[in-house]
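Student: I have a model open and would like to go through it. Can we start with a helix?

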Amino acid sequence: MAAVPLPQHQNDSWYLSLLGLAESFRTANPPKIKLCIHCLESIFQFNPPPGIEARTHLQLGSLLFTHTKNTDLARSHLEKAWLLTQSVPAGFDDVRYEAAAILANLYYKHQNQIQLAKSLLRKAISTSQPAPYWHFRLLFQLAQIHAWEGDNISACELLGHGAESAAMAGAYYTRIMFMLSKAMLLLMDKKFHEVHPLLALCNSMLESWTGHPTHRETLRVFLLVLQVTNFLMVGQVKSVKPYLKQLQQSIQTITALHTDDEPPPSHPADLFQWLPKEHMCVLVYLVTVMHSMQAGYMDKAQKYTDKALMQIEKLKILDSSPILSTFQLMLLEHIIMCRLVMGQQSIAVQEISQACHVCHEQPKLFVTHGAQLHTLLGLYAMSMGCLDSAEGQLNAALRIMSNTMAASRLASSSQGRPQTESRLSQQPELWMFTSLNLAIVYLRSGKNQQLLSLLERINPDTYPSSSHAMTAAGYYIRGLQSFFQERYHEAKRYLRETLKMSNAEDLNRLTSCSLVLLGHIFLSLGNSRESMNMVLPAMQLASKIPDVDIQMWSAHLLKDLYHMMGDPIRAGEGGQMHYNFSQQQMNERFRSSQQIEHNLIQWIDGQCPMHLAVTDGPSHSGTIL
């Protein structure tokens, strides 16, 4: 509680005694917070000097804010601490700026007084240059508030100022931390032309820096996570491989280092940490899962998801950090899609229920991930053949994204804030992914008018996505539409474009989808040899993924092909294979439809009906587009 040495003054034994007694109550097991507060309040009866009075108000405000729900009283103490420090002599910088930091946090998170929090931080920043650590910390805090509000332009300006200030102060580590944080926001805004040179500069600076290995590797992990995320965002699954390998090697290096023995930072202001080591490990698992799913390595994705979720469960016992719930939710979102590809609907719907529980525990996640939940339920309904429910869920997801976009425009204009690309596009890859799957639903349902209207908005020729994978998928949907309309030559042109793009970046599932559809087209044209050249590699690739739907489709085509070729034995084998897959899917669909969580497909508006999300979830260790 008294982390810095106190200035000595006459007859201070009463103060030191009360402070020591308060500290003993605070550190008791369990802590005796009420008695600690009483001891601190007693200090005021001795009419302490302004500096000691300010420090005591800070200590009381911090205790009340951390350990009680009495935010009004906490605010009163913190405001008194802040005001008192405006006139005290030098030596109380820590009190002044810690009071500002905690008070701004209270204003923003607990009393929704955003402008007041920003104003306070700006005032504190303007006078904190002589105290570099606090100057940097307050800059990070104000930038974070701007980022939370969606004003990434202002946040980037603050982070850029922080990098310049750190360079002038000789705080090399913190300078790179500011630069990487800025790169992260630019990446969120998809300003790739600004991200790439900034990441290249950070990489060059890290290569030449001779700081402590732990600090260097921490920054390297941050850098590599951004580089990997950059490639995954634009669907370049093959290009990301060398960076992902470096990231996995770097996290192994960090876990092998003994951080308990590391020396203090070379600069007194280099006291910032991007993420704890344990959280970094979970994040590396997460990006590995994301890569595995995009590349079509479902078994690998499942293996790393199991490891990551087990790690999160262990960490949550002692760590209540909200970021762990965010990681958990993102892992579930990816493994659910893998389950559906593998034909494991009964497990997938239980994991959707788990995702609902995570959002229920952290209500803010419902705001940021509501569209994802409805998209997942839409994919699940598609895999179950419930096309009306799938249409309702996917449209619900698009509606949430549209409402969020409108709210962002309104907030930007009402506050005179620039409408950044990120606020106006609002997860364009998710919007495209959801729309492409809705197009499949319309195709299968025969809703041609709705399909035509939707295809105008997702035509890859006129509205190219920043994602290589989404653009390739867009061509596949156009090919699928042409196939349904029996415009086979046009369909082949679209599918060959998909194949070219998917092969370039090892998008294995999209490759197998395109091959089997081309095989079906050649079969419809009576070209059995060309059809076989497509169907066999499609079946082989689908077996590796494994993708049950493509395997079943390929088996059906093989049965017809071998029959055309006068090979009854192989035609029978293809028929038996198709029957086995069909029975497997029928049994799985029945099993899944009997679970209460299946009724979640009826939820299309408002908060999640938690009485339907009753499962504790499957055991991870045993176990559509």
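Student: How many residues of α22 are buried?
Tutor: In this predicted model, 16 of the 17 residues of α22 are buried, so the helix is mostly covered. Buried means under 20% relative accessible area, exposed over 50% and partly exposed in between, with a 1.4 Å probe and protein chains only. Helices are DSSP runs of H or I, at least four residues long, numbered from the N terminus.

Student: What span should α22 have, and how far apart are its end C-alpha atoms?
Tutor: Residues 468–484 should span 24 Å at 1.5 Å a residue, and the end C-alpha atoms are 25 Å apart, which agrees. The expected span is 1.5 Å times one less than the number of residues.

Student: What comes just after α22?
Tutor: E486, with a positive phi of about 60°.

Student: Aromatics now. How do F483 and F484 pair?
Tutor: Edge-to-face, 6.0 Å centre to centre with 90° between the planes. Rings of Phe, Tyr and Trp (its six-membered ring) pair if their centres lie within 6.5 Å; planes under 30 degrees apart count as stacked, over 60 as edge-to-face and the rest as tilted.

Student: And F483 with Y488, what kind of pair is that?
Tutor: Tilted, because the planes are at 45°, with the centres 6.1 Å apart. Both F483 and Y488 are buried, whereas F484 is partly exposed at 44% relative accessibility.

Student: What are the ground rules for numbering and confidence?
Tutor: Residues are numbered from 1 along each chain as its sequence is written. Local features need pLDDT of at least 70, side-chain atom pairs count only at pLDDT 80 or more, totals for chains, interfaces and linings use all residues, and side-chain values use heavy atoms, leaving out hydrogens and water.

Terms used:
Helix = DSSP H or I, 4+ residues; strand = E, 2+ residues; numbered from the N terminus.
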